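Reader: I'm new to this one and would like a guided tour. Could you show me how to read it, step by step?

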Amino acid sequence: MKASISVSVNGTARAAEVEPRLLLVHYLRDALGLTGTHIGCDTSQCGACTVLVNGRSAKSCTMLAVQADGAEVTTIEGLASDGELDPVQEGFWNEHGLQCGFCTPGMIMSVKDLLDRNPDPSEDEIRSGIDGNMCRCTGYQNIIKAVQAAAKA
Amino acid sequence: MAVSRMVGARVRRKEDPRLITGAGTYVDDVRRVDMAYLELVRSPYAHARINSIDVSAARDMDGVIDVFVWDDIKDDIGPIPIDAAPSPDMLKPWRQALASGKARLLGDAVAAVVAEDRYVARDAAEAVEVDYEPLDAVVDIEAAIEEGAPLIWEDLGSNMAFRLEPGSEDIDDALAEADNVFSFRYVNQRLIPNPMETRGVVVEPEGGGGLTMWTSTQIPHMLKDRLAAALSIPSNQVRVIAPEVGGGFGCKLNVYPEEYCTALAALRSNRPVKWIEDRSESFLATTHGRGQVNYIDVGVNNDGKVLAIKTKIIADLGAYYQILTAAVPTLSQLMMTGPYDIKAASSELICVFTNKAPTDAYRGAGRPEATYFLERALDQTAQKLGMDPAEIRRRNLIPADQFPYAAPSGVEYDSGDHVTALDKAMEAIDYEGFRREQAAAAEEGRYLGIGLSSYTEICGFGPSNTLGMACWESGTVKIDRAGKVTVLTGASPHGQGQETSFAQLVADDLGVPFDDVIVLHGDTTIVPYGVGTFGSRATVVGGTALRMSTDKVIEKAKLVASHLLEAAPEDMVFQNGAVHVRGAPTQRKTLAEIAEEAHEFQNIPRGVGVEPGLEATSIYDPDAYTFPFGTHIVTVEVDVETGKVSLTRYVAVDDCGKVINPMLVDGQRHGGIVQGIGQALFEGAVYDEDGQLLSGSFMDYAMPIASELVWMETDRTETPTPANPLGIKGIGEAGTIAAAPAVVNAVVDALGSLGIEDIDMPLSPQNVWHAIQSAANGA
């Protein structure tokens, strides 16, 4: 038994027949080949799989593909436009906000949502804003700098 | 030598454009045509006899390609290798790719299922029926070696894997000479490394019986050799690729059963096969770190001078050896006197099997454990003597004029200026000012504390001969016909940024633009044999190999230029990316011009001993270890009602010798410090008496998150090492080594007035609250 979904991913309309149990992250990665969205846990804590669903951050490992029916999904691959990096991406690059890079796409998508809601966050607001995203490499300090740089851009 | 432009500069990373756009390829992003998926059936018991395994239901499911257990593969695969053998008498149980007869840890893999997709593979794994007979589990490491403890390896007759006797016979005499002897016990709890990318493997069979493996590893070449040997495939037909690797921290410095099983699955089905570790699975199946109980006797005079220490380390190996399991605790022994001039020291090491995941390297690997027991013991000693903790350190730190310094452990420290680092950290945090603030706060009933940690660490592995394993590194520098530079390194960076720092180094050495240099790594077919990235060694050892190669390339360029410029080779001068005739700077050829001529090879006379091309490969095996050092100081406030610890300031002064890219160095320190804070405050593998892992997911295992942390104020001193021509000591592990004792010292300092002398890590609100209650109740 499969279900039909229509979803806009990075501005492109997609239609698919999916198993009802298929996770959104597997749909993005395996069906669409958008492997920039990563899977770092199975309990919805780490945030590596964060994407934007209708403009708000969502953990795509905790959402079924069928729940995204009719939604607009933005992944890390959809962030740069016409070869121009998004200011959040620039911030991460300039401030050394990443090391191994595995948490980075999810972290960047969470930061997109954070800055959308709060364009000039304090350090504490940034810290709590990225609490749903784990990073094992950076100690978060340069991520905070990256967010601050992006907020100023 | 070119004018230095890049080395020492804050240069943003070459790695990042692909990583910030989602274009990086990690193992799970590798897709091959007709790829199948592997799932492992894992024991739900820490210790159980396996009476039978029925795979028939799984095998009959639609979409299932293969199901195998140990009996199906035992003739096709060797054991998991053990590289470290610190004792000739050590018990040597061998780990199989799949357990049979007994499961010896929670999550021990007992059967493998291969299916058309990962959902079906999961369903089929659940359909495998295993009849287990649960046995008493060995969990506590001190109980494990008591008489009558259940045996994990019955045929070996003991849970004690090996014991190394104390080195010094005279230690008791040395202790007796001191005014005081204080005895302490500390616990370095088990930690779970948890890189954000779990492990994963893809194997594709190649024609002729070979295979290609993509795996999330720190050691592609070491793995290739061991994989080929275990599978009896000629090693030149095995290709291992470490693609983008999402963090390692030591737990990917290994050879795992899943790598063997995925390879077998691919060979058996003649299809590409992928295995990706779930996070919950990773908590069980990937190596853990730390896991030591430490006893230390401190012989100290009334003036604070430490004369002798006697230590006993009981180390939790887990159920099996992985490749460096047995070596890690020996690093604790090597570092037992840390940065202090303590003339007499002895160490006894007892290594114990338990029904838990194998321990192995985890960022710092043995050195954080030693630093923890030593720094805690110094604080407690100071407290007993009524001395300030900064003062006892100052009185015992090795003076700068004592280097090179022969430590009682037998290693020689290369260089250091420890007192300067301590002074700098104390000034940065305003130590005296904080003490006044602390006293004022105490008047208001607030509990503020300050903690110091001075450390040194042994890094830059090899030398191969004293280390007991090949630990050199290769470096290739190739200038192509168009003058572009390709660097190959045997190191296998996975976040550290050597694509950038090595390009800085080579660009400066050759006097070519940074953008003209690319660095390749991690593919055994592309990169000459190398050992890998761990132990803060990649830049120290791999960087030096590259310096040797740029030197050779420059010599070759001079030789080629001498023929082009029709002058004697000894009159060639290399400067700013070009060779000119001494005294005639206009008679010059750029490196790009020389490279083109060296490749075209039409203007080079015959018979002059010059080969076409412009490249060199070098291998560097260090003659000596390096010893980074520094002092970290942290301040905290403790809420005694809830037990919650808040970090208020963190100052780190580290000395890693010369620095190629300060931005990368700071990044390493930030991450390392937070992992140390994680041990001090949050993390711990908690097992119940049956060996069930209670902290087996991110819901229960508290990883450091941004809101629990504090801004890290970083400064450095710079004491070059004479051990290598770059003067580099290494920085990857410093933060993790220094941070945990500094934080615990600060919390105990805050609570000293309540009569608390020690609290075991992690200093979670619950543990701190209990310590406060126990002290209040006089327990």
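Reader: Let's start with chain A: into which domains is it divided?

Author: A word on the ground rules before that. This is a predicted model, where local features need pLDDT of at least 70 and side-chain atom pairs count only at pLDDT 80 or more, while totals for chains, interfaces and linings use all residues. Residues are numbered from 1 along each chain as its sequence is written, and chains are lettered from A and ligands numbered from 1 in the order in which they are written. Domain bounds come from an automatic or database domain assignment. For chain A, that gives domain 1 (3-78) and domain 2 (87-152). Their C-alpha centres lie 21 Å apart.

Reader: How many residues does each domain of chain A put into the contact?

Author: Two residues are in contact if their C-beta atoms, placed from the backbone, lie within 7 Å. Here domain 1 of chain A brings 15 residues and domain 2 of chain A brings 13 residues.

Reader: Which strands supply at least two residues of the domain 1 side?

Author: Strands (E, at least two residues) and helices (H or I, at least four) are DSSP runs, numbered from the N terminus. On the domain 1 side of chain A, strand E3 (50-53) and strand E4 (56-59) each supply at least two residues. E3(A) gives the most, with three residues. The domain 1 side then has six nonpolar, eight polar and one charged.

Reader: Which residues of H2(A) are buried?

Author: A residue is buried if 20 or more other C-beta atoms, placed from the backbone, lie within 10 Å of its own. In H2(A), the buried ones are A:Val88, A:Gln89, A:Gly91, A:Phe92 and A:Trp93. They pack against H3 and H5 of chain A, together with helix H1 (16-19) of chain B. After H2(A) comes A:His96, with a positive phi near 55°.

Reader: Over to chain B: what domains does the assignment give?

Author: Some are built from separate stretches of the chain: domain 1 (16-22 + 463-620), domain 2 (31-135 + 196-247 + 252-285) and domain 3 (368-459 + 626-776). The C-alpha centres of domain 1 and domain 3 of chain B are 40 Å apart. In their contact, 14 residues of domain 1 of chain B meet 15 residues of domain 3 of chain B. Helix H16 (498-510) and helix H17 (538-564) of chain B each give two or more residues to the domain 1 side, and H17(B) gives the most, with five residues. That side divides into two nonpolar, 10 polar and two charged residues.

Reader: At what angle do H16(B) and H17(B) cross?

Author: Axes are lines fitted to C-alpha atoms, for helices over the stretch in contact, and angles run from 0 to 180 degrees between N-to-C directions. The axes of H16(B) and H17(B) cross at roughly 30° and come within 10 Å. Angles under 35 degrees count as roughly parallel, so H16(B) is roughly parallel to H17(B). The contact of H16(B) with H17(B) has seven nonpolar, six polar and two charged residues.

Reader: What do the buried residues of H18(B) pack against?

Author: Helix H18 (residues 591-600) of chain B has buried residues including B:Leu591, B:Ile594 and B:Ala598. The buried residues of H18(B) pack against H16, H17, strand E19 (473-479), strand E23 (578-581) and strand E24 (584-590) of chain B. Just after H18(B), B:Phe601 takes a positive phi of about 60°.

Notes:
Nonpolar A, V, L, I, M, F, W, Y, C, P; charged D, E, K, R; others polar. Parallel < 35°, antiparallel > 145°, perpendicular 65-115°, else oblique. Buried ≥ 20, exposed ≤ 12 C-beta atoms within 10 Å, placed from the backbone.
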